[in-house]
Amino acid sequence: MSGAYDHLVTIGAVEGIAELFGSEGARDYLGEPVTVAAHLLQAGALAEAAGAPPVLVAAALLHDVGHLRAARPDRSVAERSGRELMAGHDNRHGARGAAWLARWFPPAVTEPVRLHVAAKRYLCAAEPSYFSLLSQASVYTLSVQGGPMSEAEAGEFKALPYAADAVRVRRWDDQAKDPSAQVPGFGHFRPLLAGLVAPLGA
Ligand code: FE
């Protein structure tokens, strides 16, 4: 019984994510030359090419799922406007995406997702050369996300359990904005995601 139930939960989770990639994922990505879905598929492919473990490939693939969720027609107007971020507000997409994913995925997936915005602020403080790698849109959002971390904030961030993983996801995130990149479709990642789903309470 519970085996069948778990199977249904796994199908539901992966299909729910696939549906987001296929619908809201087709939107443009906050001033970048790629759609959100293409950006996420590129990030997942970069993680895979780097030999990252499945939990990190999933984190890279899903790091902006909060943007996709926020774009759904059933969300509030304020939440829906991904452009809210570009208009000067941080829509906290990392935390929202992680909270949604936590229904099915372990912290090794959700924590790097939650921390990927903080990782940008951390890298700006920790690596002087990092800032020059950021896209124009990403430099703008940095300013509404709190700007570079102070030394004390960077020290606290670095001590978090998933800080190093969040930094890895961040680097793939920053590279995954190439409009000419050839990336696998969402289906390529289905088995990997299905293998990680563990419903809460199971
Ligand atoms: Fe991103």
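The following dialogue goes through a predicted model and asks what stands behind the terms used to describe it.

Student: What is the secondary structure of the protein chain?

Tutor: The secondary structure comes to twelve helices and zero strands. Of the 202 residues in the protein chain, 49% are buried.

Student: Why is H67 called buried?

Tutor: The relative accessible area of H67 is 8%. Buried means under 20%, so H67, at 8%, is buried. H67 lies in helix α4, residues 65-70.

Student: What makes the pair H67 and H93 a polar contact?

Tutor: The contact joins the side chain of H67 to the side chain of H93, at 3.5 Å. The cut-off is a pair of N or O atoms within 3.5 Å, where one must be able to donate a hydrogen and the other to accept it. The value for H67 and H93 is 3.5 Å, so the pair counts as a polar contact.

Student: Why is S180 called exposed?

Tutor: S180 has a relative accessible area of 55%. Exposed means over 50%, so S180 is exposed. S180 lies in the loop between α11 (163-175) and α12 (190-194).

Student: Which side chain does the side chain of S180 contact?

Tutor: The side chain of S180 makes a polar contact with the side chain of D178, at 2.8 Å. As for P33, 147 residues apart from S180 along the chain, the two C-alpha atoms are separated by 9.7 Å.

Student: How do you know that α2 reaches the span expected of a helix?

Tutor: Helix α2 (residues 36-49) has 14 residues, and its first and last C-alpha atoms are 20 Å apart. At 1.5 Å a residue, 20 Å is expected, and the span of α2 is close to that. α2 is followed by G51, whose phi is positive, near 75°.

Student: What makes α2 mostly covered?

Tutor: Ten of the 14 residues of α2 are buried. Among them are V36, H39, L40, L41 and Q42.

Student: How do you know that α8 is not straight?

Tutor: α8 has 20 residues, and a straight helix would reach 28 Å at 1.5 Å a residue. The end C-alpha atoms of α8 are only 24 Å apart, short of that value. There is also a kink of about 50° in α8, centred on H116. α8 is mostly covered, with 15 of its 20 residues buried.

Student: Which residues and elements line the largest pocket?

Tutor: The largest pocket is lined by 15 residues, and R114, L115, V117, A118 and R121 lie nearest its centre. The elements that give two or more residues to this lining are α7 (93-101), α8 (107-126) and α10 (151-158). α8 gives the most, with five residues. The largest pocket has a volume of about 270 Å³, and its lining has seven nonpolar, two polar and six charged residues.

Student: Why would one be called a pocket and another a cavity?

Tutor: A pocket is an open set of points, whereas a cavity is a set where a 1.4 Å probe fits but cannot get out. The structure holds two cavities of 30 Å³ or more. The largest cavity has a volume of about 140 Å³. Of the 17 residues that line the largest cavity, Y29, K120, S138, T141 and R170 are the closest to its centre. The elements giving two or more residues to that lining are α8, α9 (136-144) and α11.

Student: How do the residues of that cavity lining divide?

Tutor: The lining of the largest cavity divides into five nonpolar, six polar and six charged residues.

Methods. Residues are numbered from 1 along each chain as its sequence is written. This is a predicted model: local features need pLDDT of at least 70, side-chain atom pairs count only at pLDDT 80 or more; totals for chains, interfaces and linings use all residues. Side-chain values use heavy atoms; hydrogens and water are left out. Helices (H or I, at least four residues) and strands (E, at least two) are DSSP runs, numbered from the N terminus. Buried means under 20% relative accessible area, exposed over 50%, partly exposed in between (1.4 Å probe, protein chains only). On a 1 Å grid over the protein atoms alone, a cavity is a set of points where a 1.4 Å probe fits but cannot get out, and a pocket is an open set with protein on both sides within 12 Å along at least five of seven lines; lining residues have an atom within 4 Å of a point. Grid points are joined across faces, edges and corners, and a volume is the space filled by probe spheres set on the points. Ala, Val, Leu, Ile, Met, Phe, Trp, Tyr, Cys and Pro count as nonpolar, Asp, Glu, Lys and Arg as charged, and the others, Gly among them, as polar. The expected span of a helix is 1.5 Å times one less than its number of residues. The bend at a residue is the angle between axes fitted to the seven residues ending there and the seven starting there.
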